[in-house]
Amino acid sequence: MVGMTDTEQASARTLELAERLRAAIGAAKVLTDPAQLRTYECDGLEAFRVRPGVVVLAEHRDDVVRTVKLCAQAGIPFVARGSGTGLSGGAVPVSDGVLIVLSRLRSIVDVDPDNARMVVEPGVINLWVTREAAPHDQLYAPDPSSQQVCSIGGNVAENSGGAHCLKYGFTVNHVMGAEVVLADGEVVHLGGSAPEHPGLDLLGAFVGSEGTLGVVTQVTVRLLRVPESVQTMLVGFHSVADAAGTVSDIIAAGILPAAIEMMDALAIEAAEAAVQCNYPEGAEAVLVIELDGPQVEVDEQFEHVETLARARHAFETRIAADAEDRALMWKGRKSAFAAVGRISPSYYVQDGVIPRTRLPEILASMSSLADEANLRVANVFHAGDGNLHPLILFDDAVPGAPKAAEELGFAILDLCIEAGGSITGEHGVGLEKKSKMAGQFTAEDLDTMQLVRCAFDPDGLANPGKLFPTPRLCGERPGVRTADTAPDPALGEVF
Amino acid sequence: MAVRSDNNTVLAGVTPGGMATPASAGEVADILRSTTGTVVPVGAGTKTGWAAAPTSCDLLLRTTALDRVVEHVPGDLVVVAEAGVPLETLQGQLAEHNQMLALDPPEPGATLGGIVGANASGPRRLRFGTVRDLLIGVTVVLADGTTARAGGKVVKNVAGYDLGKLYTGAHGALGVLVSTTWRLHPLPAAAGTVTVPVADAAEAGRLANLVARSTLTPTAVELRWDGGSGELVVLFESIPASVEAQSAAAIELLGGGERADEPPDWFGERPTGGVVLRMAYEPHALPRVLAALPAGSAGTASACTGVAYLSVPADADLAALRAAIAPYDGSAVVLGKPADLDVDHWGPVADSFGLMTRVKDQFDPGRRLSPGRLLGGL
Amino acid sequence: MTADANQLPEGASRATDQAAAEAVGARRPVDLGQGGPIAASAAAATVGLGMPGSGPPRGAAFDDHHPPDPALLDDCVHCGFCLPTCPTYVLWGEEMDSPRGRIDIMKGAVQGDVFDASSVRHLDQCLGCMACVTACPSGVQYDKLIEATRAQLERRVTRPPSQRWLRRMIYGLFPYPRRLRALRGPLRAYQASGLGRLLARSGLLGKLPEPLQAMESLAPRLGKVEKLAERTPATGTKRRTVGLLTGCVQGTFFPDVNAATVRVLAAEGCEVVVPRAQSCCGALSAHAGREPEALAFAKRVIETFEAAGVDNIVANAAGCGSNLKDFAHQLRDEPGWAKRAEALSAKARDVAELLDELGPVATRHPLPMTVAYQDACHLGHAQGVRTQPRRLLRGIPGVEIKELREAEICCGSAGTYNLLHPGPARELGERKAGAVLATGAQVMVTANPGCWMQVATTLARMGQRLPVAHTVQVLDASIRGVPVDRLLRRALDGPGTVVSTAAPRRR
């Protein structure tokens, strides 16, 4: 809440910054009304709500540059936000800080099918890129389930994946260049439109840095040719073990599908209630398997996959007859998260990765943990790459339930770490999991990563408090700038 | 360059003060902690000419004894191997399980660490990407002896910064790679090529474009360029039926071509002689890049990717060439040159150079590691 | 664009602003130019610059009578899937004007947290199109939430005088068919006189308040009113007895549609009862939160159709049909009315819904033409009726349906939204008109008078003319064997089409 966590002095500084922002970029883009600020308190993760001091609705790169420069001058931190659909609290504002909203930077700047690339502003929605590329028989591969609303800028910050990243990779493999505003307002260009550039791959470090290294204001993305053939099948199994076994068999056969998704009975129930996807009745687990590529290749491999599924006792195999069918098969999977809202008053989605070969064993462990905690868990995952999304169902009216759900989530992450996996496959660390970073990495590992942070943002103004459990003092700079060292504006000094 | 196993070693024209060949990551850390001079890491030494000569080399740190394949989990398509493992050795082991690391730089005996440090790649980058897309975890030792990991053993992993990408192409300037983790691919069952002659630069562009916009999924499309003409090879690697079908489709698309079961000998080889450059540019600009080359240039290009390896005459005006390809986001980096020739190795710096300098200064404040080897003399 | 943007805020010191300007590389504060691709309406929406502000509620935000249900508010998991389908988010890209943000604003009120004049403005700016209800994977009943909230605002917020006057005029006129009919004479005279074109050319029209301009532009061409028989027998075997809701705007300005509705229903085996003394169904009032008014209308409609003794009550205006189905919810707390309302709501049907349910029996004659079918929000989103009209249209030989891009986004009519918020309504109208034109279809078919007027007017403002017809008019023409060119001509120039051919107005 405004004024509750900071001193009166800090709030006054923020309001003064708001005045300068109004002068610099226009009053219509600067919000300080508490009712309006409230709507920006959280992203897709409702658990963390922090009221910003100022919200800036940027419309142009210059708005971002000016905002960041004024923040740097005042020593006030800033957080960037796209569509606000992130699931790790990466866009949660800093209390009394500035929130820079990029949803109005939503132009498609350049479409270049000859070079298979597109230049877009960060507020452009993921699905729009594919829509824009479609007339040229091209597509943008990273497809998070929230792709109809999540922004490219957000995808860059989180290195978002999606169902098709098993074959095609993640955002970092499909971003060629980025224009970035650094924390002192300097604009740099990382990467570009050519496949290589001399020097360090700063773009590679920037993608997935969760807004802690700067604000992206333009992105060059790589497009792929729409494949000749796409075949999707929906397979029902009477046991999760059979489904998991099928996945292993497919990989062992040397087949690399475009996507293999798994859902368990509870997740299916929710999806059914939400979108009536008509999944195989009575299935304990379903697999959605998609193969794409040249027709001959897909046809033969598809048959092979069917054979493998039957060998593992699949009781129903449905093949999508056309685009509409395919869309419906995917609809169930893609709305699964929010759909569990229909079968439970509350839920908490986690995101962890385990080596694929450990899947059945980990699922069994998760099941026991859930039983112990007296909570139900619906499972949706990218079976192909071992990325789990346990949906922990609970009733927030029951005392202690939210805490138990969170603890179960973290216990599952511990399982992931023990198994040699990761605490996050695609949602990012953000606010939610920074405490777990020390479980996955040593202090040296984290300190080394923070060397990068110190190079990009020595004053720690870009999205502080996210990703790393403890901030690191940056080398030559003797500590982070504090309120006391802000310049006296009346003197007109510029730092 | 030449690295010999006696005391007369030379690296990119510089004689190191001493040499060490640690056998474990711990030993690497000890060396860096207990010494204070400049250090240049090297693997098999096949690409030491790919970066500028170091301004100083008190110690040549060879990683060739870090040669263990630590863990291969075929079911997860993941392998962990120390930096000194030669790629060929690794491929041999992976092939026993019908898998491969989809990297095909041609330098014989090259180590994994060296391939990462030099960002080496080959023709199959078209289909599988490069180190950037295949390296999922690293362990490095920093200039002060700190050992640090980044990434992990699973492909899907966004925890923390992906430092592996920073170390790629850094020629050891940020840290000494000691261990690498890779994502693997299944070995293809069959292969086949279609080769067509290319009469001029425009033709090269036209044919490359046809393939790029089609639904064909070759693993490589390589152009051999002989200063004015050459030939184009399209390589398919998949199940036999698909190789046949796509080869036939390619012949129809390109208006002819010869079928073969294997790529030609020149496939993936680097040119030699004169100044050898690695050029990168917007892929569609291929004909214009070829046209900008000085007379007597020869080499190969990954025709649909926008990368080419060319040898240009020793007296070529590199600055002019770089300026000519700049409109296509083009760059030309020196991979090899006559020993006594002085060249601008990397070309001009970009607006991110200040940032690069700051990164280098954070990782290696004393400028111990590979000093002066990178862009802008970093 | 507002002039305020470049002016320095009051009270700011010169030195501060100079420092700010230099910090960002400008020489002087006034050198900081503004502007960008976001429309002027965004500025107005965001901070209400230049807009007459409503006051905040008196005392607590909401009272105890049917506040938005906290349980329904809790259904929202903040996923954001509603954002890209919300017209105001599509226009302005800000959280406060999205369903997710509006739910948050409602929560602010219900939890006793902040709720001020801006909250009221953002809630007012909601079109009530319910595209979010369609998009939401968690099943949030936003429609119930916004209606409950609007009722609260009606009771507890003092609007500025100009708004009060405007609303009084709108709601004192449109729900009363007799008053609307009284307007017909003067309106026909006005249209015939060409006074509108004179007003437009002279620039005087542009000087009228925007809502009046909007009303002037939206008024359709009036034709003769065919009197509807109180009882029309079914052709052939009688399958149902249905009552027709004649509607207020529909009945007055598009009486053709009502006549066609009766004919089609009869041809498909329905005995059609048209009760004489019908009132408005209260849709406009209900959607605006004018609860007592809406309930009064609802009760009258219930009484009227109970007396008529019909199997179904049919509406041919999307907004009306949706409202009829909502009576059960609106009157749930009124003893003596709850059950009666439930009964009526259960019988309510949209005409396309009913015809599809019955299945066609009357022969269809060919109408070879391409149709751009526009889903009216209160039919598609509110009632979920999408496949039925398309099936009916495809049942006519020769009809080819073209789908609109952004089909789920409202055209901007939204009941009286285009009168109360002409700026955003105009932008949305342009998007919709553009989408219609992009299909290259010969005729636009719609199921709501509001959409009809909005799109036709926008097309005219763009210098385009396109035939527009109601779904039943197309069916009617097919059943009666009307040749396609006659249908299209009438749809282009006949009653219901746009009168004003004024040049596009400057913003």
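The model is predicted: local features need pLDDT of at least 70, side-chain atom pairs count only at pLDDT 80 or more, and totals for chains, interfaces and linings use all residues. Residues are numbered from 1 along each chain as its sequence is written, while chains are lettered from A and ligands numbered from 1 in the order in which they are written.

Two pairs of chains touch, and chains A and B have the most contacts of the two. Residues are in contact if their C-beta atoms, placed from the backbone, lie within 7 Å. On that basis 70 residues of chain B meet 69 residues of chain A. On chain B, α5 (131-134), β8 (147-151), α6 (163-167), β10 (185-186), α8 (240-254), β18 (331-336) and α11 (353-363) each supply at least two residues of the side that touches chain A. The most comes from α11(B), with six residues. Helices (H or I, at least four residues) and strands (E, at least two) are DSSP runs, numbered from the N terminus. By residue type, this side of chain B has 33 nonpolar, 24 polar and 13 charged residues. Here Ala, Val, Leu, Ile, Met, Phe, Trp, Tyr, Cys and Pro count as nonpolar, Asp, Glu, Lys and Arg as charged, and the others, Gly among them, as polar. Chains B and C have no contact, and their closest C-alpha atoms lie 18 Å apart.

Chain C holds 26 helices and nine strands. Of the contacts in chain C between residues at least 6 apart in sequence, 80% join residues at least 24 apart.

Chain A is divided into domain 1 (1-104), domain 2 (108-225) and domain 3 (229-418), with bounds from an automatic or database domain assignment. The centres of domain 2 and domain 3 of chain A, taken over C-alpha atoms, are 27 Å apart. Five residues from domain 2 of chain A and eleven residues from domain 3 of chain A make the contact. The domain 2 side divides into two nonpolar, two polar and one charged.

In chain A, the axes of helix α8 (residues 240-252) and helix α10 (residues 295-311) come within 9 Å and cross at roughly 140°. Axes are lines fitted to C-alpha atoms, for helices over the stretch in contact, and angles run from 0 to 180 degrees between N-to-C directions. T246(A), D249(A) and I250(A) of α8(A) make the contact with V305(A), L308(A) and A309(A) of α10(A). These residues divide into four nonpolar, one polar and one charged.
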